[in-house]
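Please look at the sequence and the model below before reading on.

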Amino acid sequence: MSAYSALSKAGYKAYTRDKTTLFFTFAFPLLFLIVFGLIFHGMTVQESGRPYINYIAPGVLSWGVANAAVFGVGFVIMQWRRDDLLRLIRMTPTPLPTILGSRYVLALAIGTVQAAMFVLVAMLPFFGLEPAGSWPLALPVLFLGITAFLAIGVIVGSFARTPEAVAAVANCLMVPMAFLSGSFFPLDAMPGWMQNVSLVLPLRYFNDGVSAAITGDGGGGDILVACGGITAFAVVFGAIALKTFRWSDQS
């Protein structure tokens, strides 16, 4: 517990001291919300007749939280391995789950604050999002989503050797996934084959679960399906992350 506490505190201090990263972690998703909100203000989706904010807000929220989880842990794992910090930690009795657990708690805290800020901005009169009474059900979806994408970030950080490599790989994963999963564009308006492709992407289930909870457009069954899909991805990516984790560039 002492190692876990020390790593958690160190991670928190390092994160809050980096003002640039701190600012853009929260500002980046809000920027997308503002841009899409301006573009589609007052418009509805023809296929469903619902306002675009019902699609934009949950989708961009999910993508922003997932993006922060992947990039946050990916950069840290790469830097710690490159600077031999992981090798030094390995010489202590600190097990790998303690290291990843300290990053997980930080990712949960960041994701929760991100989501709260995002929803509050989306509820401004200009955007007009009105959360349904089922909005608390978004919390388990949020935690499961962070778990799955944190595991992806660990995999990226275990293989990438430079910050540029982390950014390149993470962007290649997250940007196309955002479009194919309906984060930036309603799935209802996409061709059938693209909707089918989205079924094998974790962000699709993250989007669906958050959307169903916040907007009330889906019932409890939809949220359970989303949670089940995210959990399956979290288990698979978690197993891969533990199997492929590297303590140094030489091992």
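## Confidence

What pLDDT does the chain average? The model is predicted, and the chain averages a pLDDT of 87. A score of at least 70 is reached by 97% of the residues.

Among the elements of the chain, the highest mean pLDDT, 95, belongs to helix α6 (residues 138-159). The lowest, 79, belongs to helix α1 (residues 2-17). Where pLDDT is low, the predicted coordinates should not be read in detail.

F28, L31, V35 and I39 make a nonpolar surface patch of about 350 Å². One of these residues, F28, is found in helix α2, which covers residues 19-39. F28 has a relative accessible area of 35%, so F28 counts as partly exposed, because that class lies between the 20% limit for buried and the 50% limit for exposed.

Is R246 buried or exposed? Its relative accessibility is 16%, so R246 counts as buried; the cut-off for buried is under 20%.

The side chain of R246 has a polar atom 2.7 Å from the backbone oxygen of S158.

## Cysteines

How many disulfides does a search of the whole structure find? The search finds 0.

Two cysteines, C172 and C227, can be set side by side. C172 counts as exposed because its relative accessibility is 59%, whereas C227 is buried, with a relative accessible area of 15%.

Notes. Residues are numbered from 1 along each chain as its sequence is written. This is a predicted model: local features need pLDDT of at least 70, side-chain atom pairs count only at pLDDT 80 or more; totals for chains, interfaces and linings use all residues. Side-chain values use heavy atoms; hydrogens and water are left out. Buried means under 20% relative accessible area, exposed over 50%, partly exposed in between (1.4 Å probe, protein chains only). A polar contact is a pair of N or O atoms within 3.5 Å; within protein, one must be able to donate a hydrogen and the other to accept it, and residues adjacent in sequence count only if both atoms are side-chain atoms. A disulfide is a pair of cysteine sulfur atoms within 2.5 Å. Patches are made of residues with over 30% relative accessible area and no salt bridge: like charges are joined within 9 Å, nonpolar side chains (Val, Leu, Ile, Met, Phe, Trp, Tyr) within 5 Å. Accessible areas come from the Shrake-Rupley method with a 1.4 Å probe; for residues, only the protein chains shown count as cover. A salt bridge is a side-chain nitrogen of Lys or Arg within 4 Å of a carboxyl oxygen of Asp or Glu. Helices (H or I, at least four residues) and strands (E, at least two) are DSSP runs, numbered from the N terminus. pLDDT is the predictor's confidence in each residue, from 0 to 100.
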